[in-house]
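Here are my notebook entries from a look through this structure. Follow along with the model open beside you.

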Amino acid sequence: MARTPDTAPPGTAPRAPAEPAGRPPRRRFRQTAGRQHHAGPLTYVLLVVAALVSLFPLYWNVVAASHTGDRVVQAPAPLLPGSRLLDNLSFAWDQVDMGEALVNTAIVASLVAASTVLFSTLAGFAFAKLPFKGRGMLLSLVVATMTIPPQLSVIPLYQIITDLGWFDQLQSVVLPSLVAAFGVFFMRQYLLEALPVELVEAARMDGAHSLRIIWHVVFPVARPAMAVLGMLVFVQAWNDFFWPFIALTPDGSPTLQVALAGLGAGNHTVDHAVVLTGALISTVPLLLVFAFLGKHIVGGITAGAVKS
Amino acid sequence: MATSVRAERGGTPPPAAPPSPASPHGRRTGPGGLRSRLYRWDVKAIPYVFIAPFFLTFAAFGLFPLLYTGWLSLHRVELGGTPEWKGLENYTSLATSEFFWTALTNTFTIGVISTVPQLLMALGLAHLLNYKLRGRGFFRVAVLAPYATSIAAATLVFAQLFNTDYGMINGVLDRIGVGPVDWNTSKWPAQIAISTIVTWRWTGYNALIYLAAMQAVPQDLYEAASLDGASRWRQFISVTIPSIRPTILFTVIVSTIGATQLFGEPMLYGGSVGISGGSGHQFQTLSLLMYEKGWVTGALGSASAIAWVMLALLLLIGGVQALVSRHNRKKLGG
């Protein structure tokens, strides 16, 4: 992102004479982004293998979900899709309530993503651009909290939600995830570079109070990073397992992951084709998101990493 | 403060103009003016307002439970019962518990089997993706697809592929005259199968992180190296790896934290005996043991003690990693 302008310009000019004649000049600029040798055949072979290994289990999930349970547990394992996909889908949807789980998961993931993005942007802006006492110390604290595993808090949390009568209710998985340290740090790193402090000062000079500044200055600048963070958090919340597994039950109001855990333990059926149909239902929405927005997600992951 | 200095300089209107209430001058009409006080409060307090949601959420759902877990670990508590002071008894009984040591060892071995190959493969994959490629968008999204798959979905699929009797993996091994491997009840194959799920889900993600770091390595480093006659491999070892060392350390830390708390994969892989980590505890991790103690046995004190052991382990690992990175920095002469 903001990296390109510093690395691209003058340094590349002296190299020009050394380049073989006839190359299009724009390539020089691309080369500054890293070592960009052309890939040989072996590279392609290895990458195709990597892509196949990555995609095959997903493909096979479709295959297994389109056969009968008896066929799935019969050797040799099926390699091509069968004709039972719709039957399995309707069984999973009606008998196992995967439909309800899908709605629950969409609610939870959307709420968590929206609130994390909002609060992370506010906190990230404060840490990046506003002077206040204890800023450095508090930021280190934010980063340090990232290392604490959820195992350290689930026992008291379980008691709390039971006392409040929230057991097996969606708010028990939404509230603890309203904002994440990762998000705060991510937005801080982004705004540090992307938001010129002069913009904030100019707005203050015009008499804007902080909420106006947030709305008219910070949000417009932060929008790309907010979108990326929103997608990352959405994926994470969609797939979250440990705490939802404790706080919700497969037969109450489960998220997809909790419903799948119930299926895996043989709650409704031991028909493996139905179990894998459930897995497919939980995966397909995210894969669709990835298929359409994959490039942005890739960009978000890489941007977050380089800057940290 | 830079803000107010600028405001004064930039905001100076022509001397004759009367101060309008909207201009900064209107705000500075008197130290006691309401607007001025509001303005100063706004500037001073708003940063704390902005960071408050994070710290309140953390206090309520992170710090307080963490400390309370520590307090519980010194008690005998059953679900719904009154705590009874036990001192360090929960910890000493862990130290003599065979299940605890099995879980600790399993967490460590599964952690190593899943993390080391994962990060090495991710490095290699990043190196490949860093070439000028046709269809590189496709390759990047393809290797990231496992990351979009949930623990539960991935584990249920792999449990079928690894099934000892009819699974495709034993089918392939049979073709080449190996097997059948017992991927469930024998310890190492089961641990390898579980590690495979972890590796499958995270290799592409880590590769993309490495790729981004590699693309930020200045080109002249490679030019200098190739002028010195360094081969591509040599450049990878002595330019790429040292340049992206902070990123490598970052992924090592994240993967270690993930490995320490491994739960969903072994649980769902084990099916009906998942919580005990297989019929012979052959892949029970610390997290699973904690869950079993807390929610199956109902011994919350014991479960809390396990949670704090995990925290101690993470602090220990963090300390070692900090030492290693400081040592590395010294060695580089930084």
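Before counting anything, I noted that two residues are in contact if their C-beta atoms, placed from the backbone, lie within 7 Å. Among contacts in chain A between residues at least 6 apart in sequence, I found that 72% join residues at least 24 apart.

A note on the source: this is a predicted model, where local features need pLDDT of at least 70, side-chain atom pairs count only at pLDDT 80 or more, and totals for chains, interfaces and linings use all residues. Residues are numbered from 1 along each chain as its sequence is written, while chains are lettered from A and ligands numbered from 1 in the order in which they are written.

Next I looked up the helices and strands of chain A, and got 15 helices and 0 strands. These are DSSP runs (helices H or I, at least four residues; strands E, at least two), numbered from the N terminus.

Then I turned to the two chains. Their contact takes 85 residues from chain A and 92 residues from chain B. On the chain A side, helix 15 gives the largest share, 16 residues.

Last, I checked one helix pair. How do helix 10 and helix 12 of chain A pack? I read an angle of about 160° between them, with axes 10 Å apart; axes are lines fitted to C-alpha atoms, for helices over the stretch in contact, and angles run from 0 to 180 degrees between N-to-C directions. The two helices are therefore roughly antiparallel (angles over 145 degrees count as such). Among the residues making this contact are A:Phe186 of helix 10 and A:Leu229 of helix 12.

How values were computed. Angles under 35 degrees count as roughly parallel, over 145 as roughly antiparallel, 65 to 115 as roughly perpendicular and the rest as oblique.
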